[in-house]
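Hi,

Here is the structure I promised to pass on.

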Amino acid sequence: MKRHKSITVMVPAYNEENNLARAINRYDKAVKAVFNDYEFIIFNDCSLDRTGKIADELTKKNKKIRSIHNNQNMGIGYNYRAGIELSQKEYYMMLTGEGEILSSSIKEILSHSGEADILISYIGNPKVRPPYRTIISRGFTILLNMLFGLHIKYYNGNVIHKTELLKKVKMNTNNAAYQAEVLIKMLKKGYSY
């Protein structure tokens, strides 16, 4: 069931020539099933392969897609922040250029948008990940929860934020911990999740 909301999906891509078109196609179908009004912003993060060319081809084929090309590799946190500044929609989320998330999972996450200021998803089947990655993720989550007095299940999932609230958060992180920084700052301000 489509809702009368809008969403920006930021897609960072670094050397994803083999994945980007398939990922965007999958994402487009999933987002279209839930939202009438949406946009994709692809960030080609100074890829060394054909990622930038593929992003431009996708942009020509679909008016809901914009592609941005970084002159140097800036990192996922930088691209996330830059996408927020460019976002023109009510909600904001990031999905990677590799396209590893199933369409059914994306639709499920999107279907809950609007239930709170922040929608925090997490890995439902941790067995799909190598054991070392599960251990690192758990350790990271436990440490942040202890340090900041929170009870979050996972800090690095596909999170949906209200864009207007996200634009008020001062972000500094350029690496993969960008979402943890955002979540901690927003939750400490009392936003619902």
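Leucine 58 touches Leu20, Ala21, Ile24, Ile42 and Ile65, once its neighbours within four places in sequence are left aside (contact here means heavy atoms within 4.5 Å). Leucine 58 sits in helix 2, residues 51-61; helices (H or I, at least four residues) and strands (E, at least two) are DSSP runs, numbered from the N terminus. With a relative accessibility of 13%, leucine 58 counts as buried. The cut-offs are under 20% relative accessible area for buried, over 50% for exposed and partly exposed in between, with a 1.4 Å probe and protein chains only. From leucine 58 to lysine 89 there are 31 residues in sequence and 20 Å in space, C-alpha to C-alpha.

Before I go on: this is a predicted model, where local features need pLDDT of at least 70 and side-chain atom pairs count only at pLDDT 80 or more, while totals for chains, interfaces and linings use all residues. Residues are numbered from 1 along each chain as its sequence is written, and side-chain values use heavy atoms, with hydrogens and water left out.

Back to helix 2. Its buried residues are Thr51, Gly52, Ile54, Ala55 and Leu58. They cover an arc of only 160° around the axis, so they sit on the same side of helix 2 (the arc is that of the directions from the helix axis to the C-beta atoms). The face turned away from that buried side carries the exposed Lys60 and Lys61.

What does helix 2 pack against? Helix 1 is a partner: the two pack at an angle of about 35°, with their axes 10 Å apart. Axes are lines fitted to C-alpha atoms, for helices over the stretch in contact, and angles run from 0 to 180 degrees between N-to-C directions. Leu20, Ala21 and Ile24 of helix 1 meet Thr51, Ile54, Ala55 and Leu58 of helix 2. By class that is six nonpolar residues, one polar and no charged; Ala, Val, Leu, Ile, Met, Phe, Trp, Tyr, Cys and Pro count as nonpolar, Asp, Glu, Lys and Arg as charged, and the others, Gly among them, as polar. The crossing of helix 1 and helix 2 is right-handed (right-handed if the near helix is turned clockwise from the far one by less than a right angle, left-handed if anticlockwise).

Helix 1 also packs with helix 4, at an angle of about 35° and with the axes 9 Å apart. This crossing is right-handed. On the helix 1 side the contact uses Arg26, Tyr27, Lys29, Ala30 and Val31, and on the helix 4 side Ser103, Ile106, Lys107 and Leu110. Here the classes come out as five nonpolar, one polar and three charged residues.

Helix 4 (residues 103-111) has Ile106, Ile109 and Leu110 as its buried residues. Seen down the axis, they fall within an arc of 95°, so they line one face of helix 4.

Now the cores. A nonpolar core is a set of buried Ala, Val, Leu, Ile, Met, Phe, Trp, Tyr and Cys residues joined through side-chain atoms within 4.5 Å. The largest has 28 residues, and Ile7, Leu20, Ile24, Phe40, Ile42 and Leu110 touch the most other members. Strand 1, helix 1, strand 2, helix 2, strand 4 (91-94) and helix 4 each give two or more residues to this core, and helix 1 gives the most, with six. A second, separate core of 27 residues includes Ile41, Leu165, Val169 and Met186.

Beyond four places in sequence, threonine 163 contacts Ser87, Lys89, Glu90, Tyr91 and Tyr92.

Last, the backbone. Most residues other than glycine have a negative phi. Asparagine 15 has a positive phi of about 55° and lies in the loop between strand 1 (3-13) and helix 1 (20-32). Cysteine 46 has a positive phi of about 60°, in the loop between strand 2 (35-44) and helix 2.

Cheers
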